[in-house]
Amino acid sequence: MPRLKPIIWASAILTLGATAAVSAAGDIERGRQQAAQTCVACHGLDGAGQAAAKFPRLDSLDVGYLTKQLQDLKSGARKNVIMQPFAANLTDQQIADVAAYYAAQTATVASPAATDPALMSLGEKLATRGDWDRHLPACKSCHGPDNQGFGKDFPALAGQHASYIEAQLLAWRNGTRGNDPLNLMLAIAERMTDTDIKAAAAYLAAQPAK
Amino acid sequence: MTHRILTAAAFSLVLGGQALAEPKVPVKLPEFKPGQYVHQAPTLEQLEADQSVHPELRKVIKRGYDLFMNTQQLRGENVFNDMNCRSCHLGEGRREWSGPVWPAATTLPDYRGKNWQVNSLEERIAGCFSYSMNGKPPAYGSDTMLALVAYHQWLARKAPVYESNIAGRGFGKVAEPPKKPNYQRGEKVFQENCAICHGADGQGQRGSDGIVQFPPLWGDGAYNWGAGLARVDTIVAFIKHNMPLGQPGKLSDQDAWDVGYFVNAQERPQDPRFEKSAKYTREKYLNFHGRTLYGTTVNGRVLGEHSNTGEKPFLKPDALRARKFD
């Protein structure tokens with residue numbers, strides 16, 4: 001039977017009415033100037049961060065994600081003694097500008113090569129398939145194909161510093177980070193062992209960032 | 001205050017170790033009943049390590065796994081919506097209460113009330129393609145069908161044939177809620193718990209590469225009116241025991257019923273068994289549609305009263321046919 005008349009699902013969709021909060025648009029050039037004052041010492045002007053100090057890469061992360069993290073660090077919804085004073089000193093507009101700037105940068109650091117094969121193998125399993133016998137969905141089921149990030153809620157993990165990923169998963173597990181929507185990350189992090197966390201972090205860090 | 005801190009310190013000392021004793025997001029699933037068969041479905045790692053499996057068979061099983069996880073590779077040929085097998089059968093088809101697929105390999109051929117006849121494993125898979133994937137099943141005996149069958153059968157490894165008292169089969173059941181399921185309350189539960197992934201409009205989300213990241217729950221990209229998940233009690237059980245992802249048992253029974261009702265009160269492609277009208281089709285397949293909202297009036301509209309077959313340029317795939325042994 002040929003398709004006779006396409007039905008428009010509008011009536012169903014209209015009743016739902018998507019209302020996303022829209023914040024001030026960021027300006028990349030103003031963001032660069034701000035970053036050169038506020039962020040450069042730890043994250044670099046290219047956003048490469050510092051693996052040894054667990055300072056994350058910011059380049060090419062989603063603008064909405066960066067904005068929310070800075071807002072949460074400012075409000076205390078995400079606690080971090082180093083970041084808090086920097087974020088607190090930024091206005092909403094400055095946050096939007098800095099986020100727009102770093103989101104527009106492209107990855108500049110080479111991903112570290114694979115090390116311990118057993119750890120990498122476990123990491124690959126957790127990142128791409130999960131371990132459902134322990135109720136661990138794959139990282140990529142939310143963080144997007146190849147863990148390159150998906151929208152403002154699920155940041156890119158591929159190419160992020162292993163030290164930072166590890167620190168964040170531990171922070172979720174011990175309750176010092178809790179600004180994820182619906183406890184989606186908490187649920188997973190608290191089911192991960194120390195080895196799981198090390199493995200996932202090592203594997204993800206070794207994947208090419210986009 | 002001091003007392004509380006001391007107690008907490010003593011508590012953590014006793015527990016020691018890294019893992020939290022009391023998870024903040026516990027997994028809450030029904031208990032298995034005494035006497036039920038509990039299956040340990042094998043993993044891909046076990047497949048790789050199992051030297052008794054012929055290399056050719058291993059290839060076919062892995063092909064089936066690949067099709068199961070990425071069914072979109074059959075888009076336009078066998079699949080005409082945004083679903084993958086794994087969209088509903090979480091955990092690679094192995095997980096209890098997530099519609100584990102291996103029982104189809106040990107319990108069929110058997111009589112199924114859905115189409116009033118004895119079905120084989122291939123026909124059962126054809127049902128998924130016809131309804132849940134709003135598509136056209138791979139031909140019986142085809143390479144694609146063989147690969148899918150091989151994956152199912154391998155997952156069933158060492159399970160007793162014709163054992164039907166299976167732990168965690170299907171999606172489970174959720175007790176009738178205190179209050180009758182309600183569309184408005186369901187919409188609220190949806191926006192608060194589901195919209196982050198499935199979108200405020202329920203249409204799921206695609207990446208910039210066009211690949212479906214989170215599947216749509218209604219509309220052309222979703223399961224059609226003949227899919228098992230279109231039954232309200234079935235989607236309620238799916239939601240209660242699987243959603244949000246990684247948080248089985250999070251929603252109360254009432255919330256699960258409300259949101260399941262809300263989702264299944266939206267429009268979706270026509271039931272391939274459609275004849276004359278939605279009301280007529282509902283009556284003819286009342287054993288099935290008695291559990292859906294198809295052909296009923298919700299918010300002033302008769303659900304399913306349309307000729308939209310979604311992306312699919314036909315209504316009923318030829319594979320759905322009646323058998324007679326008279």
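Colleague: What distance should the 12 residues of helix H6 of chain B span, and how far apart are its end C-alpha atoms?

Modeller: In this predicted model, helix H6 of chain B covers residues 121-132.

Colleague: How many residues of H6(B) are buried, and against which elements do they pack?

Modeller: H6(B) is mostly covered, with 12 of its 12 residues buried. Among them are B:Arg124, B:Gly127 and B:Phe129. Their packing partners in chain B are helix H4 (85-88), helix H5 (103-107), strand E2 (117-119) and helix H7 (143-155).

Colleague: At what angle do H6(B) and H7(B) pack?

Modeller: The axes of H6(B) and H7(B) are 10 Å apart, and the packing angle is about 105 degrees. Since angles of 65 to 115 degrees count as such, H6(B) is therefore roughly perpendicular to H7(B).

Colleague: Which residues of H7(B) make the contact with H6(B)?

Modeller: On the H6(B) side, the contact involves B:Leu121, B:Glu122 and B:Ile125. The residues of this contact divide into five nonpolar, one polar and one charged. H7(B) contributes B:Met145, B:Leu148, B:Val149 and B:His152.

Colleague: Which residue just after H6(B) takes a positive phi?

Modeller: The phi in question is about 40 degrees. The residue that takes this value, just after H6(B), is B:Asn134.

Colleague: Where in chain A does pLDDT stay under 50?

Modeller: Chain A averages a pLDDT of 89, and 87% of its residues score at least 70. For the stretch under 50, the model has 24 contacts beyond four places in sequence. That stretch is residues 1-22 of chain A.

Methods:
Residues numbered from 1 in each chain as written. Chains lettered and ligands numbered in written order. Predicted model: local features only at pLDDT ≥ 70, side-chain atom pairs only at ≥ 80, totals over all residues. Helix = DSSP H or I, 4+ residues; strand = E, 2+ residues; numbered from the N terminus. Expected span 1.5 Å × (residues − 1). Buried ≥ 20, exposed ≤ 12 C-beta atoms within 10 Å, placed from the backbone. Contact = placed C-beta atoms within 7 Å. pLDDT = per-residue confidence, 0-100. Axes fitted to C-alpha atoms, helices over the stretch in contact; angles between N-to-C directions. Parallel < 35°, antiparallel > 145°, perpendicular 65-115°, else oblique. Nonpolar A, V, L, I, M, F, W, Y, C, P; charged D, E, K, R; others polar.
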